[in-house]
Amino acid sequence: MNWDEEVICFYDKHTDIAIYGHAGGPFSPSSLTINSETNVESIIAACQRYKEQHWILDDTQTLYKGLSFEGLVALFKEKAPKAGIITPDLRAMYSGQRQAIICLAAEDLARRLASKCPQCQRANFVAKQLTKGLLCELCNMPTQQVKSTTSLCDCCGYNHIEANEKHVADATYCQFCNP
Ligand SMILES: [Zn+2]
Ligand SMILES: [Zn+2]
């Protein structure tokens with residue numbers, strides 16, 4: 001399974017400050033190598049389920065880009081290539097899965113723009129550090145669970161530590177109680 005990472009940058013030229021929204025998620029469409037065995041059925045099996053995805057057909061002579069699934073099948077029937085490759089067209093306007101992740105990155109950026117530092121009012125005052133070590137509910141030893149998060153202002157350095165609402169860790173996550 002491939003992984004898609006999207007980043008959206010907001011740059012304010014008056015303050016020279018850049019804020020980045022991030023998101024990531026699985027990206028499932030993958031390539032299909034064309035050989036003498038490849039037929040419409042193999043293309044349907046490999047590509048049909050990715051509704052919003054467009055495709056590139058490379059028949060070793062020409063690259064046909066931005067093909068819808070129906071367009072891909074029609075072109076394959078027309079050209080009947082015996083070699084080449086079919087790949088997902090990863091340009092954002094042709095990839096529904098990328099668009100969904102880009103939406104999440106935009107939401108992350110919006111959240112950062114709306115979160116103001118209580119001291120200097122600059123944006124991007126969000127949790128930037130995680131401290132692990134929440135204590136186990138049974139044996140009281142530190143676990144890998146998050147104990148607190150720290151919001152930090154990049155401009156004035158103000159920070160705010162917020163303890164995990166759960167004061168103890170489930171013993172499921174304890175290396176001593178449940179190794
Ligand atoms: Zn600040
Ligand atoms: Zn424990």
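Predicted model: local features only at pLDDT ≥ 70, side-chain atom pairs only at ≥ 80, totals over all residues.
Helix axes are taken here as lines fitted to C-alpha atoms over the stretch in contact, with angles running from 0 to 180 degrees between N-to-C directions. Helix 1, residues 40-47, and helix 2, residues 69-79, have axes that come within 10 Å of each other and cross at roughly 160°. Since angles over 145 degrees count as roughly antiparallel, helix 1 is therefore roughly antiparallel to helix 2. The crossing of helix 1 past helix 2 is right-handed.

The residues at this meeting point can be listed by helix. Helix 1 brings Val40, Ile43 and Cys47, and these meet Phe69, Leu72, Val73, Phe76 and Lys77 of helix 2. Sorted by class, the contact between helix 1 and helix 2 holds 7 nonpolar residues, 1 charged residue and no polar ones.

Turning to the sheets, one of them is open and has 4 strands in the order 3-6-4-5, paired in the antiparallel sense. Strand 3 and strand 5 (63-67) are its edge strands, each pairing on one side only. On average, neighbouring strands of this sheet are turned by 15° against each other, with direction ignored.

The pairings can be followed across this sheet in strand order. Strand 3, residues 32-34, pairs with strand 6 over 3 bridges in the antiparallel sense, and threonine 33 stands opposite isoleucine 85 of strand 6. Strand 6 is also joined to strand 4 (residues 55-58) by 4 bridges, again antiparallel. There, threonine 87 of strand 6 is the bridge partner of isoleucine 56. Strand 4 in turn runs antiparallel to strand 5, with 3 bridges between them, and aspartate 58 is found opposite leucine 63 of strand 5.

Strand 6 deserves a look at its side chains. In a regular strand, side chains alternate between the two faces of the sheet. Along strand 6, residues 84-88, one face receives Gly84, Ile86 and Pro88, which are buried.

The loop between strand 4 and strand 5 contains threonine 60. Most residues other than glycine have a negative phi. Threonine 60, however, has a positive phi near 75°. This threonine counts as exposed because it has 11 C-beta neighbours inside 10 Å, and the cut-off for exposed is 12 or fewer.

A second open sheet has 3 strands in the order 7-8-9, with antiparallel pairing. Strand 7 (127-132) and strand 9 (159-163) form its edges, each pairing on one side only. From one strand to the next, the twist averages 25°.

Within this sheet, strand 7 and strand 8 (residues 146-152) run antiparallel and are joined by 5 bridges. Lysine 132 stands opposite valine 146 of strand 8. Strand 8 and strand 9 are likewise antiparallel, and 5 bridges join them; histidine 160 in strand 9 is the bridge partner of serine 151. The hairpin of strand 8 and strand 9 has 6 residues between the strands, and in it glycine 157 takes a positive phi near 85°.

Two further residues complete the description. Asparagine 124 is located in the loop between helix 3 and strand 7. Although not a glycine, asparagine 124 has a positive phi of about 70°. Asparagine 124 counts as buried because 24 C-beta neighbours lie inside 10 Å, against a cut-off of 20 or more. Both threonine 60 and asparagine 124 thus show a positive phi without being glycine, yet threonine 60 is exposed while asparagine 124 is buried.

Alanine 100 belongs to helix 3, which covers residues 96-114. With 14 C-beta neighbours inside 10 Å, alanine 100 counts as partly exposed. Its C-alpha atom is 15 Å in space from that of histidine 54, and alanine 100 and histidine 54 are 46 residues apart in sequence.

Definitions and conventions:
Residues numbered from 1 in each chain as written. Chains lettered and ligands numbered in written order. Helix = DSSP H or I, 4+ residues; strand = E, 2+ residues; numbered from the N terminus. Pairing = 2+ DSSP bridges. Parallel < 35°, antiparallel > 145°, perpendicular 65-115°, else oblique. Left-handed = near helix turned anticlockwise from the far one by under 90°. Contact = placed C-beta atoms within 7 Å. Nonpolar A, V, L, I, M, F, W, Y, C, P; charged D, E, K, R; others polar.
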